[in-house]
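These are my notebook entries on one structure. I set down what I looked up, topic by topic.

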Amino acid sequence: MIKVGIVGGTGYTGVELLRLLVLHPEVTLQVITSRADAGTRVDQMFPSLRGLVDLLFVHPDEAHLEQCDAVFFATPNGIAMQQTRALLEAGVRVIDLAADFRLQDIASWEAWYGMTHACPDLVAEAVYGLPEVNREQIKTARLIANPGCYPTAVQLGFFPLLEAGVIEAGSLIADAKSGVSGAGRKAEIPALFAEAGDNFKAYGVAGHRHLPEIKQGLARVSGNGVGLTFVPHLTPLIRGIHATLYGKLTRDVDLQALFEARYADEPFVDVMPAGSHPETRSVRGSNRCRIAVHRPQGGDTVVVLSVIDNLVKGAAGQAVQNLNIMFDFPEAMALNIVPLLP
Ligand SMILES: NC(=O)C1=CN([C@@H]2O[C@H](COP(=O)(O)OP(=O)(O)OC[C@H]3O[C@@H](n4cnc5c(N)ncnc54)[C@H](OP(=O)(O)O)[C@@H]3O)[C@@H](O)[C@H]2O)C=CC1
Ligand SMILES: CC(=O)N[C@@H](CCC(=O)OP(=O)(O)O)C(=O)O
């Protein structure tokens, strides 16, 4: 058994970690933090956890967190980097669900995130926690940069094509839609029911902070820089990301066979039968990414459809998958979840 802490236990990804970890047979929840709700019982705030969690929220003090074997940061950007060094020195392994350790280029991170990095030396050590490309490095990592939600859906869709070198890497397009929970639990006007409901809009067309993260990951597998147009959209869903990806084929290839072979051994990537149109509800609440690959009218444009639950494979589920790999537990432990329908 390992002892685990969650910093930011009252947010959407924090409570999703709780939902997954309460049923994890190798994990004891040791510390769950909130500054605003310190002293409140966890199951008072989240009655869905009654009978499962017997803890109070506490302040995120290092003295509490250092009792753990692993600590998840489910906090806004710029928080984990302030406490990670002390935790690593105390022998605690850290999984950051925010973006503090995702970009290897510190100047780029500081420009996109608008703050000075507190520990650039640790960024070099951090492992980008996308098991489908970094499983071996995750096993021994002390510090995991858990990927963003859009970057997970987009990278998993493009990897087979870029690894095989069958598309033009300079002209990729990712048209992605997210549910409102992607923006977190804090009160913000665009997330109000009357603003986001019965509405659909693009945002961040000029530049979204997931763009450099996606480009970094795609460039690693393509061996060269990539050109990417990334356009996120807000949809009136609660959970879910749907990414529609476009690329120009450079040669004829059996796309279905390529994708099936690439993900044959991946427990959480499902390549659907040819002609499929994956739906966000087919992954709702689960750690799965479902992918379909199309070549409309047999032309030279490949269209990949990739869906995930932003809070699970896009955040907390992937973080638990990383924990399992780091501690040599079966990778799917506590993650064999059947999606909710309807
Ligand atoms: N929502 C999503 O779909 C995804 C989110 N992420 C990332 O995961 C992280 C968490 O997201 P989400 O759960 O949506 O966020 P929320 O806004 O829902 O929750 C944030 C949590 O962090 C705590 N917190 C805020 N400020 C601090 C601080 N200075 N020190 C310690 N704790 C703090 C809050 O509690 P309190 O203020 O009481 O301490 C709260 O529990 C973010 O970085 C987000 O970008 C990643 C992938 C997907
Ligand atoms: C709908 C919505 O607002 N989505 C968020 C996704 C951000 C997120 O969760 O960021 P990380 O994955 O980098 O932590 C956004 O576009 O800012």
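**Domains.** I looked up the division of the protein chain and found domain 1 (2–125) and domain 2 (149–310); such bounds come from an automatic or database domain assignment. The model is predicted, so I note that local features need pLDDT of at least 70 and side-chain atom pairs count only at pLDDT 80 or more, while totals for chains, interfaces and linings use all residues. Residues are numbered from 1 along each chain as its sequence is written, and chains are lettered from A and ligands numbered from 1 in the order in which they are written.

I took the centres of the two domains over C-alpha atoms and found 27 Å between domain 1 and domain 2. The contact takes nine residues from domain 1 and seven residues from domain 2; two residues count as in contact if their C-beta atoms, placed from the backbone, lie within 7 Å. On the side of domain 1 that touches domain 2, helix α5 (residues 106–113) gives the most, with three residues. I sorted that side of domain 1 by class and recorded five nonpolar, three polar and one charged residues. In this sorting Ala, Val, Leu, Ile, Met, Phe, Trp, Tyr, Cys and Pro count as nonpolar, Asp, Glu, Lys and Arg as charged, and the others, Gly among them, as polar.

**The six-stranded sheet.** I traced an open sheet with parallel pairing and wrote its order as β2-β1-β3-β4-β6-β5. Helices (H or I, at least four residues) and strands (E, at least two) are DSSP runs, numbered from the N terminus, and two strands pair if DSSP finds at least two bridges between them. The edge strands are β2 (27–32) and β5 (127–128), each of which pairs on one side only.

I then followed strand β1 (residues 2–7), which runs parallel to β2 and is joined to β2 by five bridges. The bridge partner of K3 in β2 is T28. From β1 the chain passes through helix α1 (residues 12–21) to β2, a right-handed β-α-β crossover; right-handed is meant in the sense that, with the strands pointing away from the viewer, the path from the first strand over the helix to the second runs clockwise.

At β5, I found two bridges to the parallel strand β6 (residues 143–145). Y128 stands opposite A145 in β6. Helix α12 (residues 312–326) lies across β3 (70–73), β4 (93–96) and β6, and runs at about 155° to β4. Axes are lines fitted to C-alpha atoms, for helices over the stretch in contact, and angles run from 0 to 180 degrees between N-to-C directions.

**The seven-stranded sheet.** I recorded a second open sheet, of mixed pairing, in the order β8-β9-β7-β10-β13-β12-β11. β8 (201–202) and β11 (269–271) have a single partner strand each, so one side of each is left without a neighbour in the sheet. Strand β7 (residues 172–178) pairs with strand β9 (residues 228–234) in the parallel sense over seven bridges. K177 stands opposite H233 in β9. Helix α10 (residues 210–222) packs on this sheet, touching β7 and β9, and its direction makes about 135° with that of β9.

**Ligands.** Which residues come nearest to ligand 1? Of the 31 residues around ligand 1, these are G8, G11, A98, G184 and R185; a residue is near a molecule or strand if its C-beta atom, placed from the backbone, lies within 6 Å of it. I found at least three residues of this shell in each of domain 1 and domain 2. α1 gives the most to the shell around ligand 1, with three residues. By class, that shell has 12 nonpolar, 15 polar and four charged residues.

Around ligand 2 I listed A98, A99, G148, C149, S178, G182, A183, H210, P232 and L234. This shell divides into six nonpolar, four polar and no charged residues.

**Backbone geometry.** Most residues other than glycine have a negative phi, and most peptide bonds are trans. I noted a cis peptide bond joining L341 and P342, with omega about -5°; P342 lies in the segment after α12. Q297 has a positive phi, near 55°, and is placed in the loop between β12 (289–294) and β13 (301–308).
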